[in-house]
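Please keep the sequence and the coordinates at hand while reading.

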Amino acid sequence: SSSSSSSSSPISYDEVLPALEKMQHPLGYAWSIASHLNGVKNTDELRKEYEANQPKVVQASMKFGQSKVLYDALSSLRTSWETADEEAATSS
């Protein structure tokens with residue numbers, strides 16, 4: 001993918017969501033396990049590591065949430081879906 005303007009051809013689901021999932025899933029999966037263990041088998045050692053890593057997890061999540069590139073890609077995807085819905089509604 002290039003960083004060209006949004007006037008280029010619409011971005012597809014397959015260009016955005018699988019790549020996003022591939023980036024986010026490992027951290028989300030590992031953190032969900034750590035969160036579960038922290039809730040059911042809380043120890044001093046686990047709590048220390050959990051608290052040490054929580055800011056890093058939040059920072060990583062914020063990078064996705066505040067990414068202009070990701071926002072633009074998802075906005076373009078939404079626009080293309082809305083356009084397709086409108087075209088389908090007017091042709092039926």
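Contact is taken here to mean heavy atoms within 4.5 Å, while helices (H or I, at least four residues) are DSSP runs numbered from the N terminus. This is a predicted model, in which local features need pLDDT of at least 70 and side-chain atom pairs count only at pLDDT 80 or more, whereas totals for chains, interfaces and linings use all residues. Residues are numbered from 1 along each chain as its sequence is written, and side-chain values use heavy atoms, with hydrogens and water left out.

Helix α1 has 28 residues and spans 38 Å from its first C-alpha to its last, which is close to the 40 Å expected at 1.5 Å a residue, the expected span being 1.5 Å times one less than the number of residues. At Q24, shortly before the proline P26, α1 has a kink of about 40°, given as the angle between axes fitted to the seven residues ending there and the seven starting there.

Within α1, the residues V16, L20, W31, A34 and N38 are buried (under 20% relative accessible area, with exposed meaning over 50% and partly exposed in between, for a 1.4 Å probe and protein chains only). The cover over the buried residues of α1 includes α2 (44-65) and α3 (68-91). N38 counts as buried because its relative accessibility is 16%, and, apart from neighbours within four places in sequence, N38 contacts L46, R47 and Y50.

V40, by contrast, also belongs to α1 (residues 13-40), but is exposed because its relative accessible area is 55%. Together with Y29, I33 and L37, V40 makes a nonpolar surface patch of about 380 Å²; such patches consist of residues with over 30% relative accessible area and no salt bridge, with nonpolar side chains (Val, Leu, Ile, Met, Phe, Trp, Tyr) joined within 5 Å and like charges within 9 Å.

Side chains of opposite charge can pair when their charged atoms come close. With a salt bridge defined as a side-chain nitrogen of Lys or Arg within 4 Å of a carboxyl oxygen of Asp or Glu, the count comes to three.

| Salt bridge | N to O distance |
|---|---|
| R47 and D44 | 2.9 Å |
| D72 and K68 | 3.0 Å |
| R78 and E82 | 3.6 Å |

R47 and D44 both lie in α2, three residues apart, and R47 is partly exposed at 32%, whereas D44 is exposed at 60%. D72 and K68 are four residues apart in α3, where K68 is exposed at 57% and D72 is partly exposed at 34%.

Technical notes. Areas by Shrake-Rupley, 256 points an atom, 1.4 Å probe, with all protein chains shown as cover. Helix = DSSP H or I, 4+ residues; strand = E, 2+ residues; numbered from the N terminus.
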